[in-house]
Amino acid sequence: MGILEVSGVNKRFGGLQALGDVNLDIVENTIHAIIGPNGAGKSTLLNCLIGKLDPDTGSVMFDGKPVLGLAPHQINQMGISRVFQTPEIFAELTVLENVVIPCFAKRDGPFRMHAYESVFHENELMDKAESILRDLNMHMKKEMHAGALSRGDKRRLEMAMCLVQEPKLLLLDEPTAGMARADTNNTIDLLKEIKEKRDITMVVIEHDMHVVFSLAEKISVLAQGSIIAEGLPQDIKGNPKVQEAYLGGAQL
Amino acid sequence: MLGLNKKDFLLLLIVTMLTMLAPFVLNPFPEGSALAQFNAGYPDLMQRFVIFGIFAIGFNILFGLTGYLSFGHAAFLGVGSYAAIWMMKLLTMNVIPAIIVAVVVAGLFSVVVGFISLRRSGIYFSILTLAFAMMSYQLAYSVLTPITGGETGLQPKVNDPRLLDSALVDGATPTANLFGLSMRSSYELEIGSWLFTFNAGYYVAAVVMLLSFYLAIRIFRSPFGMMLRAVKSNQNRMKYTGLNPKPYTLAAFVISGMYAGLAGGLMVAMDSQVGPERMFWTASGEVVLMTILGGVGTLIGPVLGAGAIKYMENIISKINTEILHSWFSFLPDGLEDLIVNLTYPFIGKGWHLTLGIVFMLVVIFLPGGLVEGAQRIAGLIRRKDKSGGMPPASAKAEPAE
């Protein structure tokens, strides 16, 4: 019984079968990578998990509850957070505010009319936000505008915004896309560190094999809209079907 | 203090002092002097400063925080005015019920308009609000004449029912009052050749303005205010953070609609009349100008912008050719005529031209509005203080009012 169960998901865009009968079972407290060549349907699958797209058929269950048909904010309230390919942050707000907002969302739900209280009197939430910034080595930048951060720090901030909500499941959409090797390695270390410190399930969609094989505990390979292989990293490496689809037959 | 941090409390204190002492502050020139026409300390104009200040403060809660640019906020002001005048016709000439009902009715109306308009964002939202405001204007102007008095508008009449008031004596006119204190009553103080007017209506409006300013500060500093800034910054991230941006935006829209209704109710409390032109699109545009001119998203900016525009409207439009001739009479005749002719389009009815130029200059050189200008001057002074030790305390940035 996984924390996230995807069964029989189909999605068609006009004549294109983007996802064909996808089944996935994400086990709690693992890092599960979804890989596949360009156009395999990775992003479509992710968008189906977070409520951005509704699949034509199939079901997605999170923690025993159905996810499909819910709005993004409702899915987040169930305990799923998402990191985007290009960091989505509140650029005009300070780093600290960026991290406090998710705390409010977690405590007060999707909407609350707290128009007469002061942000800075919410000591408990402020402490929580400051401690996650300390954890991720961003505390000295807390008064900066988030838009002024470097790309790596923006990624770190987005991660902090997700983690401060203590999600049960963290979805990462190509977290190292467009990064230099050094930054990529930093991100890998960061994710490993996060995994060690807390109980969290991660689903990583990734292009970069180096990232996938240094992080993932389990891998699903997507090609032309269907899962063609699934298993431990060492099994995937040697799987001829994967090499055929993904690498055009070349040796890994 | 009062739940505010030190800086905000100081700002509130300064604004309180300035509004309470406005009859002095706005009348710096002695009566009869050549500069007396630049005095703004007469009741009518002072009332307008604070009432449009309220209007702009409320508008800034929507536009400044969430970034949604409404081009139809005058509709709420107008609806508030009509609601207030009906209270004066049916219930009492006391201004309290009129103002409260104005706020409530404008709030309800803005729930409807906001709910529909906020289905879109950006330019489409602006156009929807503009369409609503122009529909309201047309309704008030012709279709709903029995309720709105059509083109001529409404005024309290002697034979209106007014359930709570005792019947008026024959020949008496109904006057807006606060428990008997007439809004028109003034106390005049003469010191030397200076004449200061303290008007009851102005002080009622000023107290309401200070309360709404205080409330605006609280909203700006609240978690709710932070969420509104998040709406402006990144709605996508908000959704994936478990927040629903829609009710936040609608709440901001309704709050600003209620501020507009409050301003409309106060207008009626001051001059006991209303006409459909209050809802015309130029009135909606004016509050946008005020907010941008003063500084979008700042606390004090909208109030400054409202003051600056109302000052120009009333003072520059009063200047005529004769006054220009008397100013430039020291020049040789030909040159005098030339300069007068060149200046003429910018005064009197041409004050809009002056406003346009000022607005362009501010937007181009001070995108943060008058507030940014004041901050730059303050920064300059601070730097001078540090290096040269010249304390030009008197040159301190005095907001244009």
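Mentor: R198(A) counts as partly exposed at 26% relative accessibility, where buried means under 20% relative accessible area, exposed over 50% and partly exposed in between, with a 1.4 Å probe and protein chains only. The model is predicted, so local features need pLDDT of at least 70 and side-chain atom pairs count only at pLDDT 80 or more, whereas totals for chains, interfaces and linings use all residues. Residues are numbered from 1 along each chain as its sequence is written, chains are lettered from A and ligands numbered from 1 in the order in which they are written, and side-chain values use heavy atoms, leaving out hydrogens and water.

The partner of R198(A) is D135(A), in a salt bridge whose closest N and O atoms are 3.5 Å apart; the term requires a side-chain nitrogen of Lys or Arg within 4 Å of a carboxyl oxygen of Asp or Glu. This pair links distant parts of the chain, 63 residues apart, with R198(A) in the loop between α6 (181-197) and β8 (201-205) and D135(A) in helix α4 (residues 123-135) of chain A, helices (H or I, at least four residues) and strands (E, at least two) being DSSP runs numbered from the N terminus. D135(A), at 33% relative accessibility, is likewise partly exposed.

Chain A also has a salt bridge between K168(A) and D63(A), at 3.0 Å from N to O. K168(A) lies in the loop between α5 (151-163) and β7 (169-173) and D63(A) in the loop between β4 (57-62) and β5 (65-66), so the pair ties together parts that are 105 residues apart in sequence. K168(A) is partly exposed at 37%, and D63(A) is partly exposed at 36%.
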